[in-house]
Every structure is written in structure tokens, then in C-alpha cells.
Amino acid sequence: MAPPAPPKQAPMAPSLARQQSAVNEITGDSTTWQIYASIFTLFVPTFVARLAWIGMKTTDTALLGHSGTIFLTASSLSDFWTSMSGVFITDTVLGSMCGQAYGAKNYDMVGTWLQISMTVFSWVVIPVFLLWCATSPVLHYGLGTEKTVADYAGYYAIVSAFCLPARLISGKLTTFFTSQKITGPSSQTTPLALLLNLAFGLQFVLGIPYAGLSFGFWACPIVTTLVEWFLVVFLFVVYCGYYKYHEKCYGAKLREWNFFRDVFVAPLMASADSDRFTYYKQNIQPKVGEFLRLTVPATLALASDFWRMSAIGLLAGTLGNTEVAVFNASYRLAWMNLVIIGAFSSACVTQLGIALGTGDGHLSHKIRDLGIGTVLGFLLVTTAATVIFVKPLAEIFSTDPKVIAEFEGSRMEMGLMIFCMSLSMHFESLLVALKKTETLFKASLISSWGGQVPGVLFLLYFSGKTLQNVYLGIGFGYAILLVLYALPVLRADLHEHAEKAFAENSASKPLTA
């Protein structure tokens, strides 16, 4: 018999209900500073993890650049092609699903969502792997890339393709832990990966410190692949084997799951009238549809965003070398904001998911509003600083007077782009937390292909081929996206969402209004 849904008005004293919660250190009665403290406890390690991951990618770029310009070109072309399909293995939904189950104290469901996500994305990895292996012929015959460069790019992509299962496993595991507010695995393993990638890259790619042990470009993707697989082993041995962080949400019943049987065999061979594949039919199959209903639109929205920015990048490339240099450099400024806000949004969404699953509508409102207010205040400061101090910022990237002048002439439009892009990303995270991924996809599609790309084309054609018009078109599109994202988030009845999340995850006692 399903447990009753929690009412919006608590049938017992809220203070008593909240005292009984073992999962939420914060409640609707918590002060603003207590909620901030809980969010920042998650933000700091998440930020460290993201920064280290970017450092790892930057290390690869630097190593390749020192190996030779042709290899850097090849890796860039490889990344261009592989990123177009690699976006499909990004899972933005798992954290929300696990967080709500954890908040509702349905700990087995947290592990079940992990298994369901592994089942779905293990199948997605297969065509992505094959597309990566096809990099050389695609670049050579499809895009007209010189065969030598295409072959280098193909080698880089094929070796990197063997990273895909490792990234899938490590990504799922760290999300599984983070949804329980266990941030050590992600914040500790990614800096370790950065150090290992740098140390082994210097030796085997550049021959530092031992010149005789150097293999140049050919070693670079191999080093990265081996480092990523080492991290998978490290996660299992240290955090699962030694610390046993998984045990609370991965009980005896969930250990009946068999990766090969329940991921690759059961989906093809399980039938309703068969006694085989019992675990899959009882635990995985009933929830796969719900997971796909949320994941497919979220993933398509992400892919749409990537392809849209690729299209705009091509349009910006028609303006001239100076404009292209400024456009690429300005994205570094946007990226700095996105790294910080992305980590903060992740922390907010983790706390919000747990609050929703616990049934605490008051706390959910506070987390949502504090998060939006914090991101808005941060962006007002950083955007104003970018506009005011654009010249010294430009001098970080170039000493060319033309580049600096282009930065100064585009400062307002650039600021609009950075502000709307970063703020919309935070609202996107909140939509995922509220399971509004269909709304997310529709908004992304409208703003990208009905706003941004045609907006840039219109301005370039009718107002002139200037970088200001590119920024203005992008900013206009992101402004549309911001409105389309913000309205459903701000209009959402979080008491109702908390009630629904509680009921769906079969919590025993609600924390409600």
C-alpha cells in the first residue's frame, strides 16, 4: 500500500517533525546564514573539483602545443567533432533524482536511480564511441581536412574514446555521493587527476625530467585515458572499499544487480511472462520510463545549446582575425563566471533536491530564493567589473592595440551576454531540480534557434558585421532564455513540489509547512 501524500499544512508541530529529520541539517526554520553555510559547505569542494577538471584539460592543451602546432590543430579538430556527440553522455538529471530520494530517506531508491542511469547511458556510450572512432574519415572526407591532420585527430579521438566508460562510471559515482552531500570523492580525485596528468604528461609527452623517456603527441591521449581509469579504480577501492560511503544507499537488495546481465541482456530479453531477470523487471524496468522522460529533453537541450554556440562561433569567424581573437577571449571571461556559478548552482540543487524529497516546502522556498539572490548579486558585481575594467582585462589576453580597442568598443554588449548567459544557467539547474526538463528543452529550442542564431544573423545583415552585433544577438537570445526559464521556476508552488517529491519517494514522515 502506498504511503499517504503529505498535506501542505503539517499534521504535527513543524519543530517536532524537523527534529526527527536525520538527513537535513537545515530546515524551513533555519536562519539565512545557516542555509548559506550549508550551501557553501557543498560549493567549495564542488568548485575545487570543477576547477581541477578544467586544469586537466588545460594541461592537455599545453602539452599538445609544446609537441607541435600540427598536433594542437589535430586535437582541436578532434575535440570539435567528438564534442558534438560527447554531449549526449552528460547526465544532468541523476543528481536531482538521487537527492529527492535521499531527502525522503528512501535510501535504496538512491542506489536504484544510479543503476537506472548506468543502464540508460551505457547504451548511449556505444554509438558515441563509434562516432569518435570515425573522426578521421569524417574530418578528411566530410570537412576536407588534410589527411595527415585528420589521421592525427583520428588517433587522438580513438584513444580518447576508451575514456568514455571511465568517465561514465566516475561521473555517476561522484553524483551518487554528492547527492548525499558527500563531496570528498569529487573534490579529492579531480585534483589528483590533474597532478597525475601533469606529471606523467611532462615525462611521457615532453620528456621532462628524463629526455630519453618521451613519446611526444602519441603518449598524450594514452596518459589521459590511463589517469581517468585509475580514478575509477581509486573511487572503488578508497571510497567504496575502504570508507564504504556507498553502503547507506546501496543495501543488500541493490547488490543483486549485475552490470552485464541487467544493463545489456535483460533490456533485450526480459519478458512479462518470464521468470528470468527478476531484479531488472522489479527494480529497473518500472522506473526507466520516468528517467527517460526527464533525461531525453534535458540532454537534447544541452545538445541544442552546444550546436547553437558552434553555429554562432562560425558566424563570428567571418568577421576577421581581431574580432575572432576578442570573441574567444571574451568567452574566457564568461567561463570564469560559469565555473563559479555552476558550482554554486550544483550546491543549491543538491540542497533543494533533499529539501523537496523531505517534504519541506518552506526550506525549498528559502534555498531557491537565496540561491537566485546570491547569483544575481554576484553577477551584477562581476558584470559591472567587466564593463568598468575591460581594458586591464583585455591586456591579460593581448597587448595588440586593435584587440584592446575591440574589447573596449564591445564592453556593454559583452556584459549583457555574460550576465544573461550565467543567470540563465542557474535557472536551468533549478528547472532540472524541479523535474521540468520538457520546459527546459522547449525554452532552449526557442531561444537558440528562434532567438540567438536568427538574432545574430539579422543584426549582422542589417546593422553591420561587427562584434558588437554578435554579442548583442547572443545577449538577446539569452535574455529570452532567461525569461522562459525564470517564469516557471518563480511561479512553481514548492510546497506542492515538495509534497509530490515526498509521495513519489515514499518517505515515512514529511517536513512540511
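Residues are numbered from 1 along each chain as its sequence is written, and side-chain values use heavy atoms, with hydrogens and water left out. Because the model is predicted, local features need pLDDT of at least 70 and side-chain atom pairs count only at pLDDT 80 or more, while totals for chains, interfaces and linings use all residues.

## Cores

A nonpolar core here is a set of buried Ala, Val, Leu, Ile, Met, Phe, Trp, Tyr and Cys residues joined through side-chain atoms within 4.5 Å. Buried means under 20% relative accessible area, exposed means over 50%, and partly exposed lies in between (1.4 Å probe, protein chains only).

The largest nonpolar core holds 116 residues. Within that core, W113, F407, F427, V470 and I474 touch the most other members. Helix α13 (residues 321–358) gives the most to this core, with 15 residues. Helices (H or I, at least four residues) and strands (E, at least two) are DSSP runs, numbered from the N terminus. Another core lies apart and has 14 residues, including L64, V149, V205 and A219.

What does W113 contact, leaving aside its neighbours within four places in sequence? The partners of W113 are L94, M97, C98, A101, K287, E290, F291 and N505. Contact means heavy atoms within 4.5 Å.

Axes are lines fitted to C-alpha atoms, for helices over the stretch in contact, and angles run from 0 to 180 degrees between N-to-C directions. Residue classes are as follows: Ala, Val, Leu, Ile, Met, Phe, Trp, Tyr, Cys and Pro count as nonpolar, Asp, Glu, Lys and Arg as charged, and the others, Gly among them, as polar.

| Pair | Angle | Axes |
|---|---|---|
| α13 and α14 | about 175 degrees | 9 Å apart |
| α14 and α20 | about 120 degrees | 8 Å apart |
| α9 and α10 | roughly 145 degrees | within 9 Å |

Start with α13 and α14. With their axes at about 175 degrees, α13 and α14 are therefore roughly antiparallel to each other. Angles under 35 degrees count as roughly parallel, over 145 as roughly antiparallel, 65 to 115 as roughly perpendicular and the rest as oblique. On the α13 side, the contact includes L333, I340, F344 and L352. On the α14 side, L363, I367, V375 and F378 are among the residues they meet. By class, this contact of α13 with α14 has 13 nonpolar, seven polar and no charged residues.

Helix α14 (residues 361–388) also packs against helix α20 (residues 494–504). The angle of about 120 degrees makes α14 oblique to α20. Their crossing is right-handed. A crossing is left-handed if the near helix is turned anticlockwise from the far one by less than a right angle, and right-handed if clockwise. The α14 residues in this contact are G361, H362, S364, H365 and R368. Those of α20 are L494, H495 and A498. The contact of α14 with α20 divides into two nonpolar, five polar and one charged residues.

Helix α9 (residues 184–204) packs with α10. The crossing of α9 past α10 is right-handed. Residues of α9 in the contact include T189, L192, L196 and F200. Among the α10 residues they meet are V227, F230, F234 and Y239. By class, the contact of α9 with α10 has 13 nonpolar, six polar and no charged residues.

## Partly exposed residues

F234 lies in helix α10 (residues 220–242). Buried or partly exposed? F234 counts as partly exposed because its relative accessibility is 23%. Leaving aside its neighbours within four places in sequence, F234 contacts T189, L192 and Y239.

L300 lies in helix α12 (residues 278–316). At 34% relative accessibility, L300 is also partly exposed. Beyond four places in sequence, L300 contacts F88 and F441. L300 and E438 are 138 residues apart in sequence and 9.9 Å apart in space, C-alpha to C-alpha.

## Loop backbone

A cis peptide bond joins I208 and P209, with omega about 10 degrees. P209 sits in the loop between α9 and α10.

K105 is not a glycine, yet its phi is positive, at about 65 degrees. K105 is in the loop between α4 (94–103) and α5 (107–133). With a relative accessible area of 28%, K105 is partly exposed.

K244 also has a positive phi, near 55 degrees. K244 lies in the loop between α10 and α11 (259–269). Its relative accessible area is 40%, so K244 is partly exposed.
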